[in-house]
Amino acid sequence: MSEITTDVVKHVANLARIDIQNEEKAQEFTNELDKIVDYAKQLDELQLSETEPMFHALDLKNVMREDVANEPLSQDEALSNSKSTEDGQFKVPKML
Amino acid sequence: MNIYELTVEELYEKIAQKELKPSEVVGALFEDIEKIDDTLGSFLFINKENALKQAKELDELQAQDKMDGALFGVPMGIKDNIITKDVLTTCASRMLEDFHPIYDATVMEKLNGASSVLMGKNNMDEFAMGGSNETSYFKNVRNPWDTDAVPGGSSGGSAAAVAAGLVPYSLGSDTGGSVRQPSAFCGVVGMKPTYGRVSRYGLVAFASSLDQIGPITRNVRDNAKILNIISGTNHRDATSMPNVDQDFLEGIDADLSGKKIAVPEEFLGEGIDQEVTDAVEKAIKTFEEMGATVDRVSFPHIKYVVSAYYLIASSEASSNLARFDGIRYGYRAEGTETLEELYRKTRAEGFGEEVKRRILLGTFVLSAGHYDQYYIRAQKLRSKLEADMLKTFEDYDLVIGPTTTSAAYDIGEKIDDKLRMYKEDILTIPANLTGMPSISIPCGLSEKKRPIGLQIIGNHFEESKVYNAAYKFEEKYNLHEELKEVQKELR
């Protein structure tokens with residue numbers, strides 16, 4: 001068994017800002033994630049203390065481009081896919 | 001002459017010679033799409049009005065002998081996670097159901113610049129998460145070889161459309177096998193280039209350190225031609241590799257004698273269907289007959305790659321998909337009173353189950369107390385795997401094996417067992433984790449007459465060697481005639 005419980009799933013869903021509809025759904029995610037995380041524990045078999053993690057496939061550092069001014073997006077374009085705008089701004093519900 | 005059977009090169013030639021007008025080609029393929037794609041579901045929507053208008057313009061240029069562009073008049077399908085200016089781009093998700101991008105992906109700029117014609121956007125697994133096209137919010141895709149079978153995924157719509165002759169080529173994206181696996185299932189040619197070869201600008205990000213865009217075509221030369229056009233250093237993608245541009249058609253027909261090929265024993269062992277093993281063993285003999293030497297090697301860390309991949313890819317996805325908040329673009333939940341509630345409801349209603357599952361997994365992996373245990377260990381496994389493979393490439397030109405553990409399975413057959421489906425990505429994941437180029441080409445048919453794919457992996461930036469071996473093999477074995485039968489039957 002892994003450490004995945006419904007409480008963990010609810011905590012993680014909270015961090016990811018995804019509402020889980022009901023207890024049944026929470027249980028379903030718990031069962032599935034438990035299986036996956038449990039399977040991934042196979043990595044514990046390996047001796048990896050001397051190994052460096054590989055975060056990226058390429059050995060690239062600081063690729064620079066010419067610093068030239070470009071036309072930015074217009075305000076209309078930037079807002080064109082939003083469902084709610086007002087006076088050229090994104091409109092959102094109250095924060096608190 | 002059947003227009004749907006023509007390859008990219010043949011279409012280009014016939015248009016250049018004025019044997020065909022661009023509007024005839026585009027018109028004929030739209031007729032086919034309208035006739036058979038209700039069954040296949042390979043397109044999410046078609047771009048008919050724009051495409052017919054563009055084709056008319058190209059007709060005029062053809063008449064005036066002003067045919068500029070390496071793909072003048074050649075139609076294309078594009079996976080729906082590659083953004084197309086003003087043309088709906090949904091990622092097969094409710095989250096982006098009505099998203100009209102305000103710019104083109106780099107690959108689209110290049111293909112439009114080559115005067116290719118966009119026929120429509122290809123169906124896929126939602127946000128490219130899945131291997132059977134069953135997670136699309138809109139509809140399933142069916143395999144042209146057998147409409148009971150899945151086409152594979154996540155670029156299942158692209159592979160099915162190319163196999164069915166609805167377009168001569170499409171672009172897919174490959175994070176853990178999403179170009180190669182559907183290409184194997186649909187009996188076509190799919191390439192995942194070296195990480196950094198093709199600009200990812202305008203590809204909706206899934207796992208940024210693994211994603212690559214790649215071509216899906218009906219033969220190897222077409223594939224190399226499309227990669228020639230879409231690849232290249234690009235300042236809009238900070239991971240685009242400078243100074244590696246080359247012509248992949250050059251030397252594609254070179255003799256294979258003296259080439260050294262490695263076959264990892266783990267690629268033909270437990271968990272691989274016998275008919276797949278048999279087809280690959282036959283392919284190995286073919287390479288030997290062509291003068292290559294083939295040796296068995298071992299990649300001892302292969303059994304861990306599925307774990308490492310799902311930990312890394314889900315972590316990156318959980319971060320990348322945080323941008324979908326209902327505010328700037330995409331789905332927005334109704335009737336929410338606070339910003340927090342807007343986020344929660346939008347993401348609960350906009351994302352499908354598989355996407356949520358991966359976001360939750362990734363968020364767990366990256367959360368306090370689990371990061372070192374899971375995420376870092378997975379990245380260390382990646383180093384181990386790369387070391388195994390780089391060592392092999394010191395002595396060998398190429399690594400070959402099957403693309404998938406089995407031929408295409410039936411729709412609905414596996415969707416309830418997520419972990420089992422994840423495990424089936426074991427053969428394609430190594431090329432993503434290491435960033436190496438890898439192609440899938442047909443090498444057989446299963447008992448049920450479903451295609452089997454041969455995978456050829458090269459060292460970083462050695463696509464030319466991969467294409468060379470694939471092309472020479474294709475001369476000895478291909479499914480071109482069988483595919484024409486499939487296309488005829490669908491019509």
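Please bear in mind that this is a predicted model. I begin with helices α9 and α12 of chain B, which are oblique to each other, because their packing angle is about 125° and angles of 65 to 115 degrees would count as roughly perpendicular, those over 145 as roughly antiparallel. Their axes lie 9 Å apart, and the crossing of α9(B) and α12(B) is left-handed. Helix α9(B) contributes B:V305, B:A308, B:L311, B:I312 and B:S315 to this contact. By class, the contact of α9(B) with α12(B) holds nine nonpolar, two polar and one charged residues.

I turn now to the second pairing. Helix α9, residues 305–320 of chain B, also meets helix α11, residues 353–366 of chain B, their axes coming within 7 Å and crossing at roughly 100°. The two helices are therefore roughly perpendicular to each other. On the α9(B) side, the residues in contact are B:Y310, B:L311, B:S314, B:S315 and B:S318. On the α11(B) side, they are B:R358, B:I359, B:L361, B:G362, B:T363, B:V365 and B:L366. This contact divides into six nonpolar, five polar and one charged residues.

Finally, the wider setting. An unreviewed UniProt entry annotates residues 24–466 of chain B as "domain: Amidase". Over that range the chain is 37% helix and 14% strand, with its end C-alpha atoms 35 Å apart. Thank you for your attention.

Note on methods: Residues numbered from 1 in each chain as written. Chains lettered and ligands numbered in written order. Predicted model: local features only at pLDDT ≥ 70, side-chain atom pairs only at ≥ 80, totals over all residues. Heavy atoms only, no water. Axes fitted to C-alpha atoms, helices over the stretch in contact; angles between N-to-C directions. Helix = DSSP H or I, 4+ residues; strand = E, 2+ residues; numbered from the N terminus. Parallel < 35°, antiparallel > 145°, perpendicular 65-115°, else oblique. Contact = heavy atoms within 4.5 Å. Nonpolar A, V, L, I, M, F, W, Y, C, P; charged D, E, K, R; others polar. Left-handed = near helix turned anticlockwise from the far one by under 90°. UniProt positions renumbered as here; feature names shortened; annotations may be inferred.
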